[in-house]
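Let's walk through the side-chain contacts here, one kind at a time. Keep the viewer open and follow along.

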Amino acid sequence: MSSSDQPVGTSGPPGTRPTRVLVVDDSAFMRKLVSEVVESSGEFTVVGTARDGQDALRQVAALDPEIVTLDVDMPALNGLAALEFIMRDHPRPVVMLSGGGTDSGADATLRALERGAVDFVRKPSGAISLDLDMVREHLLQALRASVDVQVAAHPVLKSGQLPVPPRAVPLQVPLAGAPSRVVCIAASTGGPAALSQLLPALPAWPDTAVLVVQHMPPGFTASLARRLDAASALTVHEAGDNEPLRAGHAYIAPGGRHVRLQGPREVPRLLLGDDPAQWGVRPAADPLFQSVARVYGSQTVAVVLTGMGCDAAEGARAIRAAGGRVVVQDRATSVVPGMPEAALRAGGADAVAPLHELAAVIAAQVDVLERRPELRESA
């Protein structure tokens, strides 16, 4: 451990072994604050702290922590570079800590998620006492999710290359305005990495729009949309309030706001809302999925990707009950399989597929709907 830091004592109920965590941050204050939060539940113990990326690599090798919390922005070897070394040489769950106050900070956080980090947590800012409870809960949730994550060495980093998905070739068909059908996608923990593989592999359908809910706080979804747009045939951007839905476009729900679809199908529009969180998250997928089921009915494909909890389960069931199709990511390729498995239990699915096959499976489901004119009327 760094010479200035000592590990916080082990805590937890008698007879249990708390999960061992390494805390990495260049700020001594943040190391202390994060360590106190980690220890506070009794489920985790801080085995050491590190002040920068180089120190973190030494501590990972020496202490073999089960989880690492890693600051994104550090001098010398930053969090992103340290993450790449960890995932190559000592793969294990990593939770990023991000200030996220700038586009570059948000972009660095998303790059970390694409490279294997399990989740990220925004650091307290401003009046720390006001948002510390929220940070504490999010950090503990991320750590709990990490306990069950099976992490392997990053397959791309082994070869010294980082993933740069090719931009798909757009279909050379004029886009027709309002779509005839909708693909709606839900994701949470592990979602940014999954979306970075999935969306670039989807075609820019001339008659289909894509709606995405990724559980994410404000300040990050605009960067997520830009990164996905740069690699995709679909035109990807954040959803705007009262924005018309267009074929060939993918809309990302803004962090911190629910998004719903309002009909009629001939002139559908997206509505943003600040109503209370559902399942502890905003945006949540269920409000969107349920509204799409009402407007597009049988001309809908619901996709549930990796994530903790049960958001999207009720919405996927509503879409299937309306005659639409449901596709879920399989357990083996989900960072956390809670959401897809909850959707399976709630209403079943028309297909279960690994991440690398999902784009082809979704396209096949869209083709099924296109070939079934008897189901085209909204339920």
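## The aromatic pair

This is a predicted model, and the count of aromatic pairs in it comes to 1. The partners are F120 and F220, with ring centres 4.5 Å apart and planes at 45 degrees to each other, which makes the pair tilted.

Next, the greasy bits. In soluble globular proteins, nonpolar side chains tend to be buried together. Here the largest nonpolar core has 57 residues, and the members that touch the most other members are L70, M96, V183, I185, L198, L199 and L305. Helix 11 (residues 355–370) is the top contributor to this core, with 7 residues.

Setting aside neighbours within four places in sequence, L70 is in contact with V24, G79, A82, L83, I86, V94, V95, M96 and L97. M96 turns up in both lists: it is a contact of L70, and it is one of the core members with the most links to other members. There is also a second, separate core of 30 residues, and A239, V259, F289 and I319 are among its members.

## Salt bridges

How many salt bridges does the structure hold? The total is 21. One of them joins R111 and D107, with the closest N and O atoms 3.4 Å apart. Both residues lie in helix 4 (residues 103–114), and the spacing of 4 residues is about one turn of the helix. R111 is partly exposed at 28% relative accessibility, and D107 is partly exposed too, at 21%. That pair also belongs to a network of salt bridges linking E84, D107, R111, E114, R115 and R227.

Two further bridges are worth a click. E137 pairs with R144, the closest N and O atoms being 3.8 Å apart; E137 is partly exposed at 34%, and R144 is partly exposed at 30%. The other joins the side chains of R320 and D350, at 3.3 Å from N to O. R320 is in helix 9 (residues 313–321) and D350 in the loop between helix 10 (338–347) and strand 15 (351–353), so this bridge ties together parts that are 30 residues apart in sequence. R320 counts as partly exposed at 30% relative accessibility, and D350 does so at 29%.

## A serine in a loop

Last stop: S334, found in the loop between strand 14 (325–329) and helix 10. Which backbone atom lies 2.7 Å from a polar atom of the S334 side chain? The backbone oxygen of D330 does.

At 9% relative accessibility, S334 counts as buried. Not counting residues up to four places away in sequence, S334 touches T306, Q329 and P340.

Definitions and conventions. Residues are numbered from 1 along each chain as its sequence is written. This is a predicted model: local features need pLDDT of at least 70, side-chain atom pairs count only at pLDDT 80 or more; totals for chains, interfaces and linings use all residues. Side-chain values use heavy atoms; hydrogens and water are left out. Rings of Phe, Tyr and Trp (its six-membered ring) pair if their centres lie within 6.5 Å; planes under 30 degrees apart count as stacked, over 60 as edge-to-face and the rest as tilted. A nonpolar core is a set of buried Ala, Val, Leu, Ile, Met, Phe, Trp, Tyr and Cys residues joined through side-chain atoms within 4.5 Å. Buried means under 20% relative accessible area, exposed over 50%, partly exposed in between (1.4 Å probe, protein chains only). Helices (H or I, at least four residues) and strands (E, at least two) are DSSP runs, numbered from the N terminus. Contact means heavy atoms within 4.5 Å. A salt bridge is a side-chain nitrogen of Lys or Arg within 4 Å of a carboxyl oxygen of Asp or Glu. A polar contact is a pair of N or O atoms within 3.5 Å; within protein, one must be able to donate a hydrogen and the other to accept it, and residues adjacent in sequence count only if both atoms are side-chain atoms.
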